[in-house]
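Hello,

Here is the structure I promised to pass on to you. Have a look at it first, and then read on for what turned up.

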Amino acid sequence: MKNILGISAFYHDSAAALLVDGQLIAAAQEERFNRQKNSADFPSEAIRYCLDEAGLELNDLDAVVFYDKPLLKFERLLQTYYTFAPRGLISFLKAIPVWLHEKLFFKRTIQQELKAIGPYDPKRVKLLFSTHHLSHAASAFYPSGFEEAAILTLDGVGEWSTATIGLGQQNQIQLLRELHFPHSLGLLYSAFTYFLGFKVNNGEYKLMGLAPYGKKDSPQTQHYIKLITEHLVQIKSDGSIHMNQAYFRYATGLRMVQEKKWAALFGFPARQAEEAFTAQHYDLAQAIQQVTETIILKMATTAKTLTNAPNLCLAGGVALNCVANQKLQESGLFEKIFVQPAAGDAGAAHGAALAIQHLYKSKKETPTSEINSSNIYLGPAFSRKAILKMQRKNQVVGQEFQDEAALVSFIAQQLAQQKIVGWFQGRMEFGPRALGNRSILADPRTPGMQQELNLKIKFRESFRPFAPAVLEEDATDYFEINGPSPFMTFVHPVKDKQRSKIPAVTHLDGTARVQTVSKHSNPRFYNLLQAFKQETDCSLLINTSFNVRGEPIVCTPIDAYRCFQKTNMDFLVIENFVYCK
């Protein structure tokens with residue numbers, strides 16, 4: 001197969017990804033186009049973009065691949081309600097009509113959505129379905145560049161599976177172990193996300209950021225760990241878990257947990273969304289983070305035992321827990337670890353296409369779709385004409401720099417004076433991280449910069465940490481790091497002597513979620529970091545995503561200008577144009 005479109009939709013983080021001759025040509029989340037964060041809509045706009053980028057029409061495709069199997073999900077739904085009956089009757093009555101009228105006819109629904117995009121012949125273009133965790137596994141193994149690797153996928157739930165252990169060898173993936181619903185590390189972590197006042201499928205990274213504020217070895221944290229492991233989840237030696245469903249409602253209810261039972265267990269009620277944080281919230285976040293790390297490490301140990309593979313690939317939403325990833329790296333179980341940068345359901349669109357592509361290959365063929373630090377920029381770019389159109393629409397004029405060196409020097413000077421800059425360049429990143437093309441940048445040396453960014457720019461909780469982007473060749477000067485870390489998928493300890501010098505990116509536990517930047521990966525961002533180093537003798541910048549709380553990362557120049565206008569950013573850079581408040 002030559003042209004394969006992978007899609008994920010109808011749950012969260014809908015996306016499209018296009019392979020041409022095995023190469024990932026374009027990929028994007030639907031949220032970036034419809035401006036609905038974590039959008040579950042059919043990715044019509046993302047598909048249009050991918051096709052336009054490749055110069056293709058729908059009928060030029062060999063296959064469209066959906067990232068899971070809806071009928072198996074329906075089977076799980078029915079079996080779950082049958083098992084837990086009469087609990088969950090209200091949820092059952094709400095869910096079944098939707099399934100009967102819409103979701104049981106997924107093939108027809110997808111074909112209708114495709115026809116609304118453009119000319120589409122179902123007899124010519126195959127419509128295929130991968131399984132959910134195979135999509136995750138393929139999204140991690142094939143782009144990793146490894147000839148052999150253990151594969152660990154972890155999320156809330158696919159069809160039945162909530163975690164899998166697999167083995168990837170050259171062109172083949174074999175799934176060896178599965179953990180089944182309702183027992184799920186992803187859902188366990190999401191339950192604590194919910195109890196601590198964050199939104200499920202959106203706030204898990206906030207919970208991870210809250211955890212370091214808890215006292216790791218305090219009696220209270222250790223007490224919470226004991227309560228979790230004695231009452232909520234049994235952890236077995238191989239990393240599999242058994243969750244006490246008397247405390248949870250996600251299987252049949254409309255909420256994650258039995259709130260009264262959790263309040264009685266932990267001694268305080270569920271936190272409300274805007275309620276102030278207290279020590280008990282911090283310590284509980286620390287406790288579930290430690291439990292999560294224990295489970296992941298046990299699963300990875302089992303993966304090593306089963307496969308004896310030298311490397312490990314990670315995917316699924318839980319793989320975005322960069323603190324746990326670092327614990328895995330420190331364990332020394334594997335020589336190398338690759339985490340799919342778009343580890344959640346968006347990346348599964350890529351994985352679904354890869355899974356089908358490799359089913360049609362011979363066993364002797366090796367993967368050709370390695371993801372490296374320069375080809376994560378898979379979204380749309382915008383021309384000078386599009387920027388001028390934005391200017392006319394907003395009645396604004398920017399200063400256009402003809403020389404890149406002059407541009408990066410000017411912006412570096414502004415950053416050194418504690419100005420905050422919106423930085424919009426080239427093709428948009430694929431996945432949840434801004435990696436230098438849709439970023440907000442600031443000086444990491446300023447002690448109050450973290451709070452200023454959180455409260456005046458991002459309009460979000462003050463505890464939230466910020467990541468540093470650092471020149472790859474200088475990374476070891478600042479961090480305990482053994483090689484490139486281009487995707488912000490691991491945390492690394494900040495060296496003791498540097499912590500007071502870069503306080504705005506040093507988290508309470510002394511770590512930072514690092515992005516290393518090379519000349520090859522992102523030339524203009526690299527040049528800006530070099531210019532900032534020349535200005536300040538500091539090789540890194542705060543790099544946070546170009547959006548505000550509750551909104552997706554910006555996609556277009558118009559999105560960028562609107563975000564710039566409603567925040568306290570000082571400068572906006574769109575390609576060679578600079579706008580000043």
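**Salt bridges**

R177 and D238 pair through their side chains in a salt bridge, at 3.8 Å from N to O. R177 sits in strand β8 (residues 172-180) and D238 in the loop between β9 (233-235) and β10 (241-243), so this pair ties together parts that are 61 residues apart in sequence. R177 is partly exposed, at 39% relative accessibility, and D238 is partly exposed too, with a relative accessible area of 28%. Please keep in mind that this is a predicted model.

The search of the whole structure finds 16 salt bridges. One of them joins D443 and R445, whose closest N and O atoms are 2.6 Å apart. Are these two residues buried or exposed? D443 is buried, with a relative accessible area of 0%, while R445 is partly exposed at 30%.

Another salt bridge is formed by the side chains of D474 and K533, at 2.8 Å from N to O. This pair links distant parts of the chain: D474 is in the loop between β16 (467-471) and α17 (475-478), and K533 is in helix α19 (residues 523-536), 59 residues apart. D474 counts as buried because its relative accessibility is 7%, under the cut-off of 20%. K533, with a relative accessible area of 27%, is partly exposed. There is also a network: K206, E274, E461, R464 and R549 are joined into one by salt bridges that share partners.

**A buried charge without a salt bridge**

E575 is buried yet has no salt bridge. Which side chain of opposite charge is nearest to E575, and how far away? The nearest is R524, 4.5 Å away. Leaving aside neighbours within four places in sequence, E575 is in contact with F382, I387, L407, F424, Q425, G426 and R524.

**Patches on the surface**

K385, K389, R392, K393 and R562 form a positive surface patch. Which helix gives the most to the positive patch? Helix α14 (residues 384-394) does, with four residues. R562 is placed in helix α20 (residues 557-565), and R562 is partly exposed, with a relative accessible area of 49%.

The other patch is nonpolar: M1, L359 and Y360 form it on the surface, with about 320 Å² of accessible area together. L359 belongs to helix α13 (residues 345-359). With 64% relative accessibility, L359 counts as exposed, because the cut-off for exposed is over 50%.

I110 is in helix α5 (residues 106-117) and is buried, with a relative accessible area of 0%. Beyond neighbours within four places in sequence, I110 is in contact with I7, F42, F66, L127 and F129. I110 and V64 are 46 residues apart in sequence, and their C-alpha atoms are 9.6 Å apart in space.

L196 is placed in the loop between α7 (185-195) and α8 (204-210). At 0% relative accessibility, L196 is buried. Where sequence neighbours within four places are left aside, the contacts of L196 are L207, R271, F277, H281, L284 and A285. The C-alpha atoms of L196 and Q272 are separated by 7.5 Å, though the two residues are 76 apart along the chain.

P212 is in the loop between α8 and α9 (219-232). Is P212 buried or exposed? P212 is buried, with a relative accessible area of 16%. Not counting residues up to four places away in sequence, P212 touches Q286, H507, L508 and D509.

Technical notes. Residues are numbered from 1 along each chain as its sequence is written. This is a predicted model: local features need pLDDT of at least 70, side-chain atom pairs count only at pLDDT 80 or more; totals for chains, interfaces and linings use all residues. Side-chain values use heavy atoms; hydrogens and water are left out. Patches are made of residues with over 30% relative accessible area and no salt bridge: like charges are joined within 9 Å, nonpolar side chains (Val, Leu, Ile, Met, Phe, Trp, Tyr) within 5 Å. Accessible areas come from the Shrake-Rupley method with a 1.4 Å probe; for residues, only the protein chains shown count as cover. A salt bridge is a side-chain nitrogen of Lys or Arg within 4 Å of a carboxyl oxygen of Asp or Glu. Lys and Arg count as positive and Asp and Glu as negative; His and the chain ends are not counted. The place of a charge is taken as NZ of Lys, CZ of Arg, CG of Asp or CD of Glu. Helices (H or I, at least four residues) and strands (E, at least two) are DSSP runs, numbered from the N terminus. Buried means under 20% relative accessible area, exposed over 50%, partly exposed in between (1.4 Å probe, protein chains only). Contact means heavy atoms within 4.5 Å.
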